[in-house]
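Visitor: I would like to learn how to read the features of a model such as this one, step by step. Could we begin with the chain as a whole and then turn to single residues?

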Amino acid sequence: MSRLRWYGLFTGLLLLASSSPSLAELGYQTWGLRGGVGVDPDQGVIGIHWHLGNFTQRTRLQPNVEVGFGDNATIASLAIPVHYRFGSNPNYTPYAGGGVLLGYINYDKDKGDNSSDWFIEPLAVVGIEWPLSGGGDLCVELDLSFGDAHDAKLMLGWMRRLR
């Protein structure tokens, strides 16, 4: 449990350090779809993500909900990452960040385990986002988690264009 406290403290400090009351623009902005593959367990993953505003000009709150299927398990998760967006190139924007992953894992009966468990663990994110000519934004993201969920996920995401 002490490891969990350190992760929570680190995430809280990251949020506090990146926020600025004068620049905070938190609130629903837009949404998008995401899908990809997870490793250990090896699964197909689908989900939805939201842009819930910026703490600062470069720091974005972008949580997501996902479900992973395969490898004798089903994983449902809620990720609450903060993305730091590097640069302001109009053609692409790399980002990195981290946060907390909350979830539920259910092992299938044919594995012989037939158990389930709740988890909370730290999450690291790196990715790149670019605008699409027809509207919206596309991103490719690598998520790393440190616990019961996928060790790594490679995700492709689409987000509706901001109004």
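Visitor: Which pattern does the protein chain follow when it is read along the sequence?

Guide: Helices (H or I, at least four residues) and strands (E, at least two) are DSSP runs, numbered from the N terminus. Here the protein chain reads α-β-β-β-β-β-β-β-β-β, that is, one helix and nine strands. This is a predicted model, in which local features need pLDDT of at least 70 and side-chain atom pairs count only at pLDDT 80 or more, whereas totals for chains, interfaces and linings use all residues. Residues are numbered from 1 along each chain as its sequence is written, and side-chain values use heavy atoms, with hydrogens and water left out.

Visitor: How should I read burial, and what percentage of the residues of the protein chain count as buried?

Guide: Buried means under 20% relative accessible area, exposed means over 50%, and partly exposed lies in between (1.4 Å probe, protein chains only). Of the 163 residues of the protein chain, 37% count as buried. One case is alanine 73, in strand β5 (residues 73-85), which is buried because its relative accessible area is 2%.

Visitor: Which residues does alanine 73 touch, not counting residues up to four places away in sequence?

Guide: A contact means heavy atoms within 4.5 Å. With residues up to four places away in sequence not counted, alanine 73 touches Gln43, Gly68, Ile105, Asn106, Tyr107 and Asp108. For the protein chain, residues 24 or more positions apart account for 50% of the contacts with a separation of 6 or more.

Visitor: How do I read a surface patch, and which residues make the nonpolar one?

Guide: Patches are made of residues with over 30% relative accessible area and no salt bridge, like charges being joined within 9 Å and nonpolar side chains (Val, Leu, Ile, Met, Phe, Trp, Tyr) within 5 Å. A salt bridge is a side-chain nitrogen of Lys or Arg within 4 Å of a carboxyl oxygen of Asp or Glu, and accessible areas come from the Shrake-Rupley method with a 1.4 Å probe, where for residues only the protein chains shown count as cover. The nonpolar patch, of about 800 Å², is made by Val37, Tyr92, Val126, Ile128, Val140, Leu142, Leu144, Phe146, Leu154 and Leu156. β7 (116-131), β8 (137-145) and β9 (152-159) each supply at least two of its residues, and β8 gives the most, with three. Phenylalanine 146 is found in the loop between β8 and β9, and its relative accessibility of 43% is why it counts as partly exposed.

Visitor: Which residues form the negative patch?

Guide: Asp and Glu count as negative and Lys and Arg as positive, while His and the chain ends are not counted; the place of a charge is taken as NZ of Lys, CZ of Arg, CG of Asp or CD of Glu. The negative surface patch is formed by Asp40, Asp42, Asp71 and Asp151. Aspartate 40 lies in the loop between β1 (25-39) and β2 (43-54) and counts as partly exposed because its relative accessibility is 46%.

Visitor: What should I look for in the backbone, and which peptide bond is cis?

Guide: Most residues other than glycine have a negative phi, and most peptide bonds are trans. The bond from aspartate 40 to proline 41 is cis, with omega near 10°. Aspartate 71, in the loop between β4 (64-70) and β5, has a positive phi of about 55° although it is not a glycine. Asparagine 72, also placed in the loop between β4 and β5, has a positive phi of about 60°.
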